[in-house]
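This report describes a single protein chain for a reader who has the sequence and coordinates at hand. Please view the structure alongside the text.

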Amino acid sequence: MRIVFAVVAVTAWTCVAAPAQEFRLEDVASAAAIAATRIAPRTVLFSDHRNGELVDPATGLIRFSDWGRARPDQRAAHALYPGYDEPTLVPANGIGKARKVR
């Protein structure tokens, strides 16, 4: 029993004492345009697309459906279910307009 406790204590101390690695954030115009071999170790590339034609100027965000149509390769790579689309609700009584469930 003492050996198990000692192993657990040493393992816990090792995890707590391990220093966090430092990463550098680098702003780029297009992360896809940079070759993976040119990225320095411990560097995160960040590109913000606030000036694109799909971006809502008020929020700075892109609608999911617009993003999926404009960038189907990204949608396929990031989606758990690539064929998923948000369902459309139609009112039961026929009054009102259909809307997407988000």
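The following paragraphs treat the overall fold, the confidence of the model, and selected side-chain features.

**Overall architecture and confidence**

The model is predicted. Its chain contains three helices and four strands, arranged from the N terminus in the order α-β-β-α-α-β-β. Of the 102 residues, 10% count as buried. The accessible surface amounts to about 9,100 Å², and carbon and sulfur atoms account for 61% of that area. Among contacts between residues at least 6 apart in sequence, 2% join residues at least 24 apart.

The mean pLDDT of the chain is 76, with 72% of the residues reaching 70 or more. Which elements have the lowest and the highest mean pLDDT? Helix 1 (residues 2-17) has the lowest, at 56, while strand 1 has the highest, at 89. Where pLDDT is low, the predicted coordinates should not be read in detail.

Strand 1 spans residues 24-27 and includes Leu-25. The side chain of Leu-25 counts as exposed because its relative accessibility is 58%, above the cut-off of 50%. Leu-25 also belongs to a nonpolar surface patch, together with Phe-23, Val-44 and Phe-46. The accessible area of these four residues together is about 410 Å².

Arg-24 and Glu-26 join their side chains in a salt bridge, with an N to O distance of 2.8 Å. Both partners are partly exposed: Arg-24 has a relative accessibility of 44%, and Glu-26 has one of 29%.

Arg-42 is placed in the loop between strand 1 and strand 2 (43-46). What is the phi of Arg-42? The angle is near 55 degrees, a positive value in a residue other than glycine. Most residues other than glycine have a negative phi. With a relative accessible area of 47%, Arg-42 counts as partly exposed, because this value falls between the limits of 20% and 50%.

Helix 2 comprises residues 64-70 and holds both Asp-66 and Arg-69, which are three residues apart, about one turn of the helix. These two residues form a salt bridge in which the closest N and O atoms are 2.6 Å apart. Arg-69 is exposed, its relative accessible area being 61%. Side chains of opposite charge can pair when their charged atoms come close.

| Salt bridge | N to O distance |
|---|---|
| Arg-24 and Glu-26 | 2.8 Å |
| Arg-69 and Asp-66 | 2.6 Å |

The structure also holds one aromatic pair. Phe-64 and Trp-67 form this pair, with their centres 5.8 Å apart and an angle of 45 degrees between the planes. Phe-64 and Trp-67 both lie in helix 2, three residues apart, about one turn of the helix.

Phe-64, by contrast, is partly exposed, with a relative accessible area of 30%.

Notes: Residues are numbered from 1 along each chain as its sequence is written. This is a predicted model: local features need pLDDT of at least 70, side-chain atom pairs count only at pLDDT 80 or more; totals for chains, interfaces and linings use all residues. Side-chain values use heavy atoms; hydrogens and water are left out. Patches are made of residues with over 30% relative accessible area and no salt bridge: like charges are joined within 9 Å, nonpolar side chains (Val, Leu, Ile, Met, Phe, Trp, Tyr) within 5 Å. Accessible areas come from the Shrake-Rupley method with a 1.4 Å probe; for residues, only the protein chains shown count as cover. Helices (H or I, at least four residues) and strands (E, at least two) are DSSP runs, numbered from the N terminus. Buried means under 20% relative accessible area, exposed over 50%, partly exposed in between (1.4 Å probe, protein chains only). Contact means heavy atoms within 4.5 Å. Rings of Phe, Tyr and Trp (its six-membered ring) pair if their centres lie within 6.5 Å; planes under 30 degrees apart count as stacked, over 60 as edge-to-face and the rest as tilted. pLDDT is the predictor's confidence in each residue, from 0 to 100.
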